[in-house]
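I opened this model to look at its domains, its chain contact and its ligand. My entries follow in the order in which I looked things up.

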Amino acid sequence: MTIEDKLFLNRFQADKHSHLKIRDRDVCRSCERKPCTYICPAKVYAWDEKEERIDTAYEGCLECGTCRYGCAHDNIDWRNPRGGFGIMYKNG
Amino acid sequence: MSDKFDVIIVGAGPSGLAAGYMLAKEGMDVIIVERGDHPGTKNVMGGVLYRQPTEEIIPKFWEKAPVERAIVEQRMWLVDKESVVTLGHRSKGFGTEPYNNFTVLRAKFDRWFAEQVVDAGALLITETVVEDFLYDGSRIVGVKTGREQGDIRANVIILAEGVNSLLAQKVGLQRDGINSSELAVAVKEIITLPKEKIEDRFNLEEGEGATIELVGDSTFGMMGTGFIYTNKDSLSVGCGVLVSQLVEHEGLNPNEILEHMKSHPAVKPLLQGGESNEYLAHMIPEGGYRAMPKLYRDNVLVVGDAAMLCNGIHREGSNMALTSGKFAAETVIAAHQRGDYSAGMLSEYQSKLEKSFVLKDLKKYQNVGVVMERNRHFFSFYPHAVNAALEEFLTVDSVPKKEKQQRIWNEVTSQRSKYEIIKDLYRGWRVMG
Ligand SMILES: Cc1cc2nc3c(=O)[nH]c(=O)nc-3n(C[C@H](O)[C@H](O)[C@H](O)COP(=O)(O)OP(=O)(O)OC[C@H]3O[C@@H](n4cnc5c(N)ncnc54)[C@H](O)[C@@H]3O)c2cc1C
Ligand code: SF4
Ligand code: SF4
């Protein structure tokens with residue numbers, strides 16, 4: 001099953017604002033492997049070739065925190081989503 | 001809401017709830033702040049919950065708590081590409097009181113646990129993120145929450161925020177930016193399946209449960225494990241790998257590891273016909289004793305995953321969380337009686353942990369992570385070698401057994417020298433023994 005199909009099974013309450021911010025876009029440009037684009041279990045990060053920037057589909061974030069520690073340059077400003085927003089597991 | 005409490009607890013996981021329960025029972029004025037809409041809706045665990053440490057908090061909890069199955073069989077699978085060598089233990093006794101352990105689903109269990117804590121007298125507020133501390137000079141006197149006028153004051157704060165310990169890092173107890181080789185990322189799927197099918201496939205009687213841990217090709221040889229646990233009418237199927245190794249494995253996503261594991265010929269039949277119900281992800285603190293933060297300072301204590309109290313090798317975490325929550329509560333009760341919440345007074349918390357299995361176990365295994373991380377073949381070569389050896393041994397092809405044994409040995413030593421194997425065994429024995 002693809003990640004998209006799996007995320008569809010989950011219950012989310014998406015906030016209007018992202019809780020994940022890229023600190024410095026220039027750093028991403030020179031970041032070689034861009035681990036955020038593959039280590040995230042929800043594939044939240046994608047490299048936009050044209051705009052030369054990382055896109056963040058934060059609405060599907062599972063709040064594991066992996067990107068915060070796996071980012072090659074500590075370039076992700078990771079916050080908890082506002083109270084009551086984000087993933088709401090049914091089973092856990 | 002009164003804005004001054006004896007104790008603020010950040011996070012309603014097992015560590016925070018255990019602390020809250022003990023404190024409320026003693027009549028302390030305690031508030032628990034949880035960011036989820038209910039306790040447990042942000043939480044993930046395999047999850048095996050151990051009876052004894054949980055019962056020390058709530059006697060006979062299994063009679064009322066939403067537990068899934070009592071585990072009677074625990075298996076270990078050494079997995080190669082198409083084969084598996086299995087090891088296991090089953091005991092009838094584990095299926096009856098007082099039980100050994102249970103599977104639980106955290107969204108259900110934590111919610112129930114929180115209800116007990118509220119009944120005991122604690123105040124629980126949900127949908128609220130603790131964002132920072134309140135200071136009076138350099139002294140911490142409370143927390144700031146994301147709510148309007150959301151400042152809360154207390155004499156002492158217990159940080160039970162889990163593995164992504166933003167607040168412990170902020171206050172300088174944990175290093176900011178824990179090393180990615182000290183954390184694992186785990187993904188899990190809930191696959192629903194009728195009770196009878198689960199009991200048939202896992203050879204169980206009604207209400208009994210089984211667990212399987214997978215090592216080897218199921219994590220592509222990376223340091224990590226897979227797991228399959230039986231719930232009432234679903235399976236928890238997941239895997240975790242070290243974040244640092246995942247970063248190195250360019251292009252590989254955790255979901256691909258899980259799908260790879262699910263497609264193994266020994267796993268697939270167990271899941272057949274099941275329906276995916278939920279997809280979850282969480283980190284596990286794997287750094288152990290060496291990566292532990294400072295556990296206390298004036299007016300603050302750190303418990304559970306936020307304090308790296310987790311033993312990956314024995315998949316123990318919830319028990320350490322509960323136990324540390326209990327010790328923190330006992331320490332705070334003593335501090336309250338003296339009216340002294342200084343670091344000196346709170347250091348009693350660390351002494352309690354040192355005297356218990358928590359730090360004794362973490363100390364014992366303090367080098368395992370480092371050794372395993374440097375010696376990847378423990379997760380790749382050995383599971384493969386054991387499978388290959390047994391396959392050769394079990395193949396009946398009119399080759400005399402003695403010749404077979406020689407063949408196996410030649411095959412194994414062609415991939416890893418005798419000297420290296422002996423070194424590995426010694427290393428393994430040294431760090432585990
Ligand atoms: C995939 C997986 C499998 C596991 N399997 C097992 C197992 O089988 N057996 C076992 O014993 N252990 C297992 N563990 C480990 C176990 O889950 C943890 O050790 C345990 O949950 C730690 O409890 P805790 O209370 O410290 O933290 P958590 O359970 O993580 O709770 C932290 C709580 O704090 C809240 N929170 C965080 N920050 C804030 C904030 N700023 N403001 C308000 N609220 C906040 C969170 O929403 C959460 O409810 C597993 C872990 C994972 C990820
Ligand atoms: S890993 Fe970090 S620095 Fe690299 S592209 Fe992703 S966010 Fe940018
Ligand atoms: S927290 Fe986890 S799920 Fe969310 S973006 Fe980061 S890696 Fe992806």
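I started with domain 2 and domain 3 of chain B, whose C-alpha centres lie 26 Å apart. The model is a predicted one; local features need pLDDT of at least 70, side-chain atom pairs count only at pLDDT 80 or more, and totals for chains, interfaces and linings use all residues. Residues are numbered from 1 along each chain as its sequence is written, chains are lettered from A and ligands numbered from 1 in the order written, and side-chain values use heavy atoms, without hydrogens and water.

I noted the bounds for chain B: domain 1 is 4–66 + 105–175 + 293–355, domain 2 is 181–285 and domain 3 is 371–432. These bounds come from an automatic or database domain assignment. I then looked up the contact (heavy atoms within 4.5 Å). In chain B, 11 residues of domain 2 are in contact with six residues of domain 3. The area buried between these two domains is about 690 Å², and carbon and sulfur atoms give 60% of it. Buried area here is the accessible area (1.4 Å probe) that two parts lose on being put together, summed over both. On the domain 2 side, B:Gly221, B:Met223 and B:Gln245 supply 52% of the area buried against domain 3, more than any other three residues.

Next I turned to the two chains. I found 51 residues of chain B in contact with 37 residues of chain A. About 3600 Å² is buried between them, with 52% from carbon and sulfur atoms. B:Arg35, B:Glu278 and B:Tyr279 supply 18% of what chain B buries against chain A, more than any other three residues.

Where does ligand 1 lie? I found it between chains A and B. Ligand 1 also lies between domain 1 and domain 2 of chain B, because both give residues to its shell. I counted a residue as near if one of its heavy atoms lies within 4 Å. There are 38 residues around ligand 1, and B:Ser15, B:Glu34, B:Arg106, B:Asp305 and B:Ser318 come nearest. The shell divides into 17 nonpolar, 13 polar and eight charged residues.

H1 (14–25), E3 (48–50), E15 (275–285) and H9 (318–338) each supply at least two shell residues. E15(B) gives the largest share, three residues. Helices (H or I, at least four residues) and strands (E, at least two) are DSSP runs, numbered from the N terminus.

I then listed distances to oxygen atoms of ligand 1. A polar side-chain atom of B:Arg106 lies 2.6 Å away. For B:Arg35, a side-chain N or O atom is 3.1 Å from a ligand oxygen. B:Gly317 places a backbone N or O atom 3.1 Å from one. Taken alone, ligand 1 exposes 1000 Å², and the protein buries 96% of that. That accessible area comes from the Shrake-Rupley method with a 1.4 Å probe.

Last, I looked at the backbone. Most residues other than glycine have a negative phi, and most peptide bonds are trans. B:Gly46 and B:Gly47 are joined by a cis peptide bond, with omega about 0°. B:Gly47 sits in the loop between E2 (30–33) and E3 of chain B. From B:Glu97 to B:Pro98 the peptide bond is also cis, omega near 5°.

Methods. A polar contact is a pair of N or O atoms within 3.5 Å; within protein, one must be able to donate a hydrogen and the other to accept it, and residues adjacent in sequence count only if both atoms are side-chain atoms. Ala, Val, Leu, Ile, Met, Phe, Trp, Tyr, Cys and Pro count as nonpolar, Asp, Glu, Lys and Arg as charged, and the others, Gly among them, as polar.
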